[in-house]
Amino acid sequence: MSEQTDPRIEYLLRLGDNALILSHRLSEWCGHGPVLEEDLALTNVALDLIGQAQFWLEYAGELEGKGRDADALAYKRDVWDFRNVILVEQPNGDYAHTMARQLYFDAWHFHLLSALTGSSDPRIAEIAAKALKEVTYHLERSTMWVVTLGDGTEESHGRMQRAIDYLWSYTGELFEVDEVETTLVAKGIAPDLTKLVAPWRSTVGDILRQATLVMPEDTWMHSGGKKGIHSESLGFILADMQFLQRAYPGATW
């Protein structure tokens, strides 16, 4: 981050890209949900997230001042320009895998947005307050499914535990702190991510206990998404998501 660059731009891209990429992953379940009601509910979560992404990316574009709006930032950047954590780009897998990913992210997202409602940047605080209402519901849903599957049949319990174990190594990046965060923390714009670890672990731990699941032991953690270093999964997501704009630049309905 150069001294001339507003660190809020990088931070807003991280917030927006997390929501955008996860919304795309969830949208892949549309028409494939286990029951019709759940199919519609998960699609609505995806719509909530894409709405949040639009708010964050629109603000990033305004601060950047290069004429790029939310659509341009979503559809006209390459893989290395995306700043989402690697967790949200992981494939859906089975429903247990999707819900484990959702639980880890929702719990973190809930605590992050709760803190961001007190941001010294009024625009960030306003967006966070709106998004928090939606994410509170998201966390309720992922909690319900993790408990249902974890404390269900022997098959569902095993699948849920394997998903929880597998995705654990992607959670460390959620709390990584770099120059962007430290600069914004000092200005009261963003919360200290290290202070979210304890409440996140408490939330996730309580839910896993209800689900008769075991919280994984700490291990090596994947990292790099915030710096534009991603898994191969993101390339496939963008190839799908950005196809129309790349094939027909500037196309409008």
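The structure is a predicted model, in which local features need pLDDT of at least 70 and side-chain atom pairs count only at pLDDT 80 or more, whereas totals for chains, interfaces and linings use all residues. Residues are numbered from 1 along each chain as its sequence is written, and side-chain values use heavy atoms, with hydrogens and water left out. The structure holds 19 salt bridges and two cavities of 30 Å³ or more.

**Salt bridges**

- Side chains of opposite charge can pair when their charged atoms come close.
- A salt bridge here is a side-chain nitrogen of Lys or Arg within 4 Å of a carboxyl oxygen of Asp or Glu.
- E10 is paired with R14 in a salt bridge, with 3.9 Å between the closest N and O atoms.
- Both E10 and R14 belong to helix α1 (residues 7–27), where they stand four residues apart, about one turn of the helix. Helices are DSSP runs (H or I, at least four residues), numbered from the N terminus.
- R14 has a relative accessible area of 4% and is therefore buried. Buried means under 20% relative accessible area, exposed over 50%, and partly exposed in between, with a 1.4 Å probe and protein chains only.
- R123 and E62 form a salt bridge at 3.0 Å, N to O. This pair links distant parts of the chain, with R123 in helix α5 (residues 122–150) and E62 in helix α2 (residues 36–64), 61 residues apart.
- R123 is partly exposed, because its relative accessible area is 28%; E62, at 47% relative accessibility, also counts as partly exposed.
- K226 and E181 form a salt bridge at 3.3 Å, N to O. The two residues connect distant parts of the chain: K226 lies in the loop between α8 (197–210) and α9 (232–241), and E181 in helix α7 (residues 179–186), 45 residues apart.
- K226 and E181 are both buried.
- Salt bridges with shared partners join E10, R14, R83, D178, E181, K226 and K227 into one network.

**Cavities**

- On a 1 Å grid over the protein atoms alone, a cavity is a set of points where a 1.4 Å probe fits but cannot get out, and lining residues have an atom within 4 Å of a point.
- Grid points are joined across faces, edges and corners, and a volume is the space filled by probe spheres set on the points.
- The largest cavity holds about 90 Å³ of space.
- By class, the lining of the largest cavity has seven nonpolar, one polar and four charged residues. Ala, Val, Leu, Ile, Met, Phe, Trp, Tyr, Cys and Pro count as nonpolar, Asp, Glu, Lys and Arg as charged, and the others, Gly among them, as polar.
- The second largest cavity has a volume of about 30 Å³, and its lining consists of L42, V45, M99, Q102, D106, H138, R141 and S142. Two or more of these residues come from each of α2, α4 and α5.
- This second lining has three nonpolar, three polar and two charged residues.

**Helix α2**

- The 29 residues of α2 should span 42 Å at 1.5 Å a residue, and the end C-alpha atoms are 42 Å apart, which agrees. The expected span is 1.5 Å times one less than the number of residues.

How values were computed. 1 Å grid on protein atoms, 1.4 Å probe; cavity = no way out; pocket = protein on both sides within 12 Å on 5 of 7 lines; lining within 4 Å.
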